[in-house]
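I opened the model today to look up its strand pairing, its helix packing and its pockets. My entries follow in the order in which I checked things.

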Amino acid sequence: MPTEVILPKVDMDMATGQISRWFAEEGAHVKKGDVLFEIETDKAAMEIDAPASGVLRDVTGKEGVDIPVGAPVAWIYADGEAYGAKQDTAPISPLVGEMSTKSTEGGAVPPTSYSVTPPSALPGISPTRGEIGQSPSGARATPLARRLAREAGLALASVTGTGPYGRVVKADIDAAIAKGGAKEAPALAPEAPAAAAASAPAVKAMSDDQVLKLFEEGSYELVPHDNMRKTIARRLVEAKSTIPHFYLTLDCELDALLALRTQINAAAPMKKTDKGEAPAYKLSVNDMVIKAMALALKAVPDANASWTESAMVKHKHADVGVAVSIPGGLITPIIRHADEKTLSTISNEMKDLASRARSRKLKPEEYQGGTTAVSNLGMFGIKDFAAVINPPHATILAVGAGEERAVVKNGEIKIATVMSVTLSTDHRAVDGALGAELLVAFKRLIENPMGMLV
């Protein structure tokens with residue numbers, strides 16, 4: 001029996017993916033574990049291994065086309081197996097695809113690979129055969145049978161399946177067509193206005209046509225959204241429409257922190273690199289912000305939480321996601337256990353994550369999860385802003401530029417380097433006073449940075 005190869009889910013938010021290239025052609029012999037094709041998700045490119053050895057047939061997954069997670073993209077026939085056997089033989093290997101953790105170009109190559117199965121929550125994915133198991137009518141059928149039924153306009157639910165477990169196979173469709181089987185019912189008509197009015201009206205965004213009509217034809221060009229932009233748009237809409245945000249802002253004086261950073265960087269030992277000797281680390285203000293945020297969460301543990309409908313998730317570690325701008329979007333690689341790491345470790349780890357993020361070489365576990373996030377636009381001179389919470393986080397800290405400002409101390413006007421920070425908070429998980437406590441703890445660490453060294 002041929003082994004079905006599906007498009008696996010390699011990212012938590014992945015609903016569709018695109019095959020950027022196949023490494024084997026139709027009819028080629030492949031070995032189990034060979035790299036079969038490459039998936040381009042919204043955030044990374046992943047190589048997918050062949051789940052079995054044999055001859056690659058029926059490559060339906062085309063390059064550069066959005067394919068739903070769990071959809072079959074090819075079949076592998078065992079050596080000597082009759083071509084076409086899959087069409088009328090239902091059981092297919094439960095191993096539906098294997099995701100290699102190998103980077104696609106250069107980079108480290110982990111020695112092992114692991115299998116990825118489609119999530120059980122996805123509708124229509126058979127847990128035993130890895131195929132889209134149910135039509136909208138609920139009938140079980142092979143992919144070929146469903147396609148033939150669709151092409152013939154045949155109602156699949158009206159066909160009696162003779163395959164295993166009552167599955168409809170090609171022969172059943174042929175017989176039904178010969179007998180003039182029941183036709184598929186036409187698509188449901190849009191609900192009547194009265195029925196729609198019965199439910200709460202939803203505010204809808206302007207349609208594409210409504211937007212384009214506002215601009216003179218020929219005065220613009222259309223650039224289709226890639227998967228990253230679609231995901232960013234979907235998650236931001238979900239976050240702003242489902243998470244009750246509130247915002248807290250404080251000004252932090254940076255002079256002590258800047259002085260300490262200069263001392264630490266000056267004391268960095270030298271190490272040999274491919275480009276000659278270089279300091280073992282070079283701290284940035286952002287590295288110290290990450291550490292301060294992590295320590296503040298440890299000092300205010302009730303704010304180190306995530307909201308779920310059934311319970312509050314209280315985290316034991318402070319895992320800080322850091323927004324990194326990459327071509328076409330952004331991603332938030334995570335510094336795990338940032339509360340326990342030294343500033344130099346955070347600095348070097350952040351440089352590595354940011355570099356691999358920009359080349360889309362991060363593994364999903366390196367940017368999924370986290371307990372909070374930091375977004376820093378200070379390098380652009382932005383004074384202050386409010387960031388959108390990235391669930392499952394309950395907080396995100398927006399960091400503005402450090403600038404000299406006039407401050408009043410003991411009745412006198414002084415000059416100080418000041419940085420404004422704004423904490424966006426999920427009110428379901430963190431109340432106002434708790435959020436304020438967290439932000440005050442952060443300010444205390446930033447203005448007294450020696451506390452981050454002990």
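Which residue in S20 is the bridge partner of Val320? I found Thr372 in that place.

Before going on I noted the ground rules. The model is predicted, local features need pLDDT of at least 70, side-chain atom pairs count only at pLDDT 80 or more, and totals for chains, interfaces and linings use all residues. Residues are numbered from 1 along each chain as its sequence is written, and side-chain values use heavy atoms, with hydrogens and water left out.

**Entry 1, the sheet.** I took strands (E, at least two residues) and helices (H or I, at least four) as DSSP runs, numbered from the N terminus. I counted two strands as paired if DSSP finds at least two bridges between them. On that basis I read an open sheet of six strands, ordered S11-S22-S21-S20-S16-S19, with mixed pairing. Its edge strands are S11 (245-253) and S19 (334-335), each pairing on one side only. S16 (residues 320-322) runs parallel to S20, and three bridges join them.

I then followed S22. S11 is antiparallel to S22, with nine bridges, and S21 pairs with S22 in the antiparallel sense over 13 bridges. Thr425 of S22 stands opposite Phe246 and also opposite Thr395. The hairpin of S21 and S22 has two residues between the strands, and Asn410 there takes a positive phi near 50°. I call a residue buried under 20% relative accessible area, exposed over 50% and partly exposed in between (1.4 Å probe, protein chains only).

I used contact to mean heavy atoms within 4.5 Å. For directions I used axes fitted to C-alpha atoms, for helices over the stretch in contact, with angles from 0 to 180 degrees between N-to-C directions. H7 packs on the sheet and touches S16, S19, S20, S21 (395-409) and S22 (412-426). The direction of H7 makes about 150° with that of S20. H9 (residues 432-447) lies across S11, S21 and S22, at about 20° to S11.

Is Ala401 buried or exposed? Ala401 counts as buried because its relative accessibility is 11%. I placed Ala401 in strand S21. Leaving out residues up to four places away in sequence, Ala401 touches Gly378, Gly381, Ile382, Lys383, Val418, Met419 and Ser420. Its C-alpha is 6.9 Å from that of Leu377, 24 residues apart in sequence.

I searched a 1 Å grid over the protein atoms alone; a pocket is an open set of points with protein on both sides within 12 Å along at least five of seven lines, and lining residues have an atom within 4 Å of a point. The largest pocket has a volume of about 920 Å³, taken as the space filled by probe spheres set on the points. I listed 43 lining residues, with Val322, Ala323, Val324, Ile331 and Thr332 nearest the centre. Elements giving two or more residues to the lining include H5 (227-242), H7 (285-299) and H8 (343-358). H8 gives the largest share, five residues.

S2 (residues 16-22) pairs antiparallel with S7 (residues 66-68) over three bridges, and Thr16 stands opposite Pro68. Four bridges join S2 to S4 (residues 35-40), again antiparallel, and Ile19 has Ile39 as its partner in S4.

Technical notes:
On a 1 Å grid over the protein atoms alone, a cavity is a set of points where a 1.4 Å probe fits but cannot get out, and a pocket is an open set with protein on both sides within 12 Å along at least five of seven lines; lining residues have an atom within 4 Å of a point.
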